Amino acid sequence: MNKKEIIRTLKFVGFSISAGVIEIVTFTLLNEFAHLPYWPCYLIALVLSVIWNFTLNRKFTFQSANNVPVAMAKVFAYYCVFTPVSTILGNYLAETLGWNEYIVTALNMVANFVTEYLFDRFVVFRGSIDTNEQARKKAAK
């Protein structure tokens, strides 16, 4: 792995951590204060973190100038698979098997982090990495 890809990966990790903070804070507020079942807490928190993560990673990590609606549609397709699987499995583990809901959420976050990086890198932004204005200016130096 070259230096540029290591930096890209570290940026993704940083932004994912910030999205994870948004997700866990939202989940905690809904779980502890609204006393909702696992699945709506998780789903609302996930959606907020996805919007945050997509926006930052598109601009700063992958520096992509690709069509935003097309990129969002690809991310939406990823979440059309990930969200039902993680929500149903998470709800089963927390509500049926009695696992701690924070451990379940953490496991979902790790699975999301790994699979989304791979999907973003090799599907969503493939062919458009380092094409935005910021990347072009940096390359021209």
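Okay, so by a nonpolar core I mean a set of buried Ala, Val, Leu, Ile, Met, Phe, Trp, Tyr and Cys residues joined through side-chain atoms within 4.5 Å. Keep in mind that what you're looking at is a predicted model.

With that in hand: the largest nonpolar core here has 23 residues. The ones with the most contacts inside it are Phe27, Tyr38, Tyr42, Phe62, Val75, Tyr79 and Phe125. Helices α1 (3-32), α2, α3 and α4 each put in at least two residues of that core. In soluble globular proteins, nonpolar side chains do tend to be buried together.

Let's zoom in on Tyr38. Setting aside neighbours within four places in sequence, Tyr38 is in contact with Phe27, Gly90, Asn91, Ala94, Glu95, Glu101, Val104, Thr105 and Asn108.

Now, that last one, Asn108.

Last bit: backbone. Most residues other than glycine have a negative phi. So which spots have a positive one? Gln63 is one of them, with phi at about 40 degrees. Gln63 lies in the loop between α2 (38-61) and α3 (68-96), and is buried at 6% relative accessible area. Asp130 also has a positive phi, near 60 degrees, and that residue is in the loop between α4 (101-124) and α5 (133-140).

Conventions:
Residues numbered from 1 in each chain as written. Predicted model: local features only at pLDDT ≥ 70, side-chain atom pairs only at ≥ 80, totals over all residues. Heavy atoms only, no water. Helix = DSSP H or I, 4+ residues; strand = E, 2+ residues; numbered from the N terminus. Buried < 20%, exposed > 50% of the residue type's maximum accessible area, 1.4 Å probe, protein only. Contact = heavy atoms within 4.5 Å.
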